[in-house]
Amino acid sequence: MGRGFQGAVLRALGAKEHLATVTRIEWISSAVVRLDFTSETLLYPDGERPSAWIRAWFPDVDGGSKQYQRGYTLVDPDPAAGTFGIYFLVHQPAGPASNWAVHAAPGDELVMQRMGGDGWELDDPQPAGYLLVGDVASWPGICSIIAAAPPGVGVRAFLEYTHDDDPQLSIPDHPDLEVTWVPRRPDGRALVDALGDDDYRGWKSWVAAESTATRLVRAKLTGDHGHNKGTMHAQAYWIRGRAMGKQVEAEELAGVAEAEVAAAAEGAPAAAPAVPIDDGTSVLRPARPAFILSALIALVLAALAVVPLVLFAELARRLVDGADREQLVQVGVTGVIVLLVGTGLSAVLITVLHFYDQFFAAALRRRVMEKFTRLPLGWFLGRRSAEVRKLAQDDINSLHYLVTHAAVDLVTAVVTPLAILGYLFSVNWTLALILLVPVVVYLVLMIRLAAGDKPRLQRVLQWNATLPGDAERYIAGQPVSRVFGDQATVDLPGEVSALVGFLKQWQHDTIDRKAILIQLNRPMTSMVLVALAGTGLIVIGWMPAAAILPFLILGTSFGDRLLAASYAANGLREGMAAKAGLDLLLTTPELARPDAAVSPAVGATRAAVRFERVTFGYTAGRAVLSDFTLALPPGGTTAVVGPSGAGKSTVAALAARLWDPDAGAVTLDGTDLRLLDEQVLRRQIAVVLQDVQLVHGTVAENIALGMPGATREQIVDAARTAYIAEVIEGLADGYDTVIDRDSLSGGQRQRVAIARAILGDPRVVVLDEATAAADPDSEWEVRQGLTRLLEGRTVLVVAHRLHTVAQADLIVVLDDGRIAEQGTQPELLAAGGLYSRLHGRAMEALS
Ligand SMILES: Cc1cc2nc3c(=O)[nH]c(=O)nc-3n(C[C@H](O)[C@H](O)[C@H](O)COP(=O)(O)OP(=O)(O)OC[C@H]3O[C@@H](n4cnc5c(N)ncnc54)[C@H](O)[C@@H]3O)c2cc1C
């Protein structure tokens, strides 16, 4: 039967075929069937590592001659008995593997091969923990790693599910295990969002999910947690919406298979419907035509660049051969003309590409800026400004090499040496072959050295990942280690000296081969080789004397030219890293935009803000608020209180539309905030948060940020009302003094923010009460400013100190994302519930 090119390659690489026979079949959930197999030769006699997998060949569903290869994880391998199991997740539309598993019967046979699926090595010594991320296809692999993890090391597993009963799939016990199941999300972000803000530096990670989900998790772990190839195994187990076999055939069999899958899983609970995915366009896609065109032109120019070199070599050869003057002049002049034309055209190409890059970067910058305006404000609050700046500036700049130089450099690095080699072969193939010897030896030594160094490189990568975390712990643990010694916390000096010793030993072990490599690649080596071998060939009459000249002119820099390709690869790597960051940004979910924005009925009425059955979580599967319903008294103050982590700040963030709810709605005068025009929304609802943002500009500009057309009189009025006028007048240029974040104290910044809010005359104010407590020196002024701001408006205040909320019209007590109780202070104290307990504790602390 046909296993195509892939099968032929596997056989050529020595992958043996093993026959496995089905012995038992068991459906364990609505979509997972376990098949037990026996095979005399498949399993390694010494046992299998966790997550080891095989490649199995599945027949064409239509009975055609083609077979399709798919990867599957070995479970419960018993080498002595030759038995093992495989859990098949049966999906829809079903491909050849799912379809086969649904129909399989005891006695059926499957051909399997082993190639590159030997599983994941658990470390000794152990890392800080194992982070396992995947979905039901990788659930068998994750289970095998959990089963192998020793006690005492933390294990966190994040699994994405599609079917309601997936989270019931069993997981081995482990004393330090935490498992989180999250529902699949259309944008592939369920897993990356579920990781949250926990610190995974110093952990080892195993990531095997759908390709988009894997890419997102890998980027987060690499970017935020310092994971790298040494500490992370990341592999896509499947690609959404893409059959591994031919698309037409998969589509044809989908209908039949769906019905059969349903029949076979009869009696099991119904499967949840699959959800479509929507990817953003890759940043480089618009540049693709320019990329291809420039590569083609570079191909012609690289070939043209060799012509003058060849002509000059010919000139030298003919000179020695005694060619007539006219012929020599002709060759020389042609060489010069071709050289000038080639150089000129190359300069034109690079100039045009630089112009193009300016357009490309400007368009991309616009795209990124527009994206920023569509992201939830909460996205920015969760990031450092340096991260945002890196995306908007540095990463776009890093694409310059990719757009302008990469195609030209790569094509030139490959075409030029090949063209030179072709010419040298035409002059004398024997000497050309000899010239190739150092290059081949160099490449072989290089590959062997790299292969031998791989474990040591991985060790260094692991050190890179764990040392920053250990350094932080070491510094934080100084008080302990001073008393009990470094070993009591982290033995950082010991680790550093181990690393230095390791690197020294590595240098020592490889220095001789590295020296040989450097020598092999030097022009002098090629020249000596050409001179010696060439002279020999001339002496024995295999080559005319003049033929040595092209080799001496062109052959000496041959090795260097070949290596230029690897230098180009470095620029490519940096550009690709920037591309990955930008691609991630552009695929980040945005705030919903109304088709036609509406304005709420602004009038004499006081603003009515309602939360209607709101559910929201920062990460999928972890709701911070669930089914939350609340009506703020119009024109009154609502204080939200509760233990830390109860969801108070989330209520404020949703009221200000820093985020959108996952379900339900927040309304202003009956209109969903998502339907409001952004400008209108910001005028109606003012937000005063703990961390006040000032922009680089004058004080007046900072106060008038939301109302750029405000007059100086209005600005001064607002500043007076906010009790900040005196401070401003005391500055060098008064309201025209240029300020930034560090120019004012915390309390002064807060009063600028209050003045800003007062100027906008909002109907709703969302306030983090910690604002009033942050700067004791100016607390009185801040409080007075706030009192003026809050008068007559609908106010939502996140209260951190209970004694400040006594006057609120409504106190809402939150506990674990739900309203535990609500009412006025006397009502709540009389009720004797959570509020009265919190109040009692607060009073005790004050007394
Ligand atoms: C190393 C490795 C180990 C693996 N181990 C297991 C394992 O133990 N058990 C297991 O069930 N899978 C495992 N997988 C995943 C499995 O190989 C793929 O899911 C495979 O594509 C299924 O083949 P198929 O012929 O049924 O579907 P295909 O012909 O590949 O695809 C048909 C349709 O199904 C969709 N599809 C494919 N896989 C999935 C999926 N996992 N979930 C939802 N939709 C999907 C495709 O997008 C496509 O639309 C492993 C993959 C790798 C690389």
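**A walk through the predicted model**

Helix α5 is followed by G226, whose phi is positive, near 70°. Before going further, a word on the model: it is predicted, and local features need pLDDT of at least 70, side-chain atom pairs count only at pLDDT 80 or more, and totals for chains, interfaces and linings use all residues. Residues are numbered from 1 along each chain as its sequence is written. Helices (H or I, at least four residues) and strands (E, at least two) are DSSP runs, numbered from the N terminus.

Let us stay with α5, which covers residues 211-225. Its 15 residues reach 20 Å from the first C-alpha to the last, close to the 21 Å expected at 1.5 Å a residue; the expected span is 1.5 Å times one less than the number of residues. Buried residues of this helix include L216, V217, L221 and H225. A residue is buried if 20 or more other C-beta atoms lie within 10 Å of its own, exposed if 12 or fewer, and partly exposed in between, with C-beta atoms placed from the backbone.

Next comes the ligand. Of the 29 residues around it, G71, T73, L89, G95 and S98 come nearest; a residue is near if its C-beta atom, placed from the backbone, lies within 6 Å. Elements giving two or more residues to this shell are β4 (67-73), β6 (83-89) and α2 (96-103). In the loop between β6 and α2 you will find P93, joined to Q92 by a cis peptide bond with omega about 0°.

Now look at a pair of helices. The axes of α7 (residues 288-321) and α8 (residues 325-374) come within 9 Å and cross at roughly 160°. Axes are lines fitted to C-alpha atoms, for helices over the stretch in contact, and angles run from 0 to 180 degrees between N-to-C directions. Because of that angle, α7 is roughly antiparallel to α8, a term used for angles over 145 degrees.

R613, in strand β13 (residues 609-616), has a positive phi of about 45° although it is not a glycine. R613 is exposed, because 12 other C-beta atoms lie within 10 Å. D669 has a positive phi of about 50° and is not a glycine either. D669 sits in the loop between β16 (663-668) and β17 (671-672), and counts as partly exposed because it has 19 C-beta neighbours inside 10 Å.

Terms used
Angles under 35 degrees count as roughly parallel, over 145 as roughly antiparallel, 65 to 115 as roughly perpendicular and the rest as oblique.
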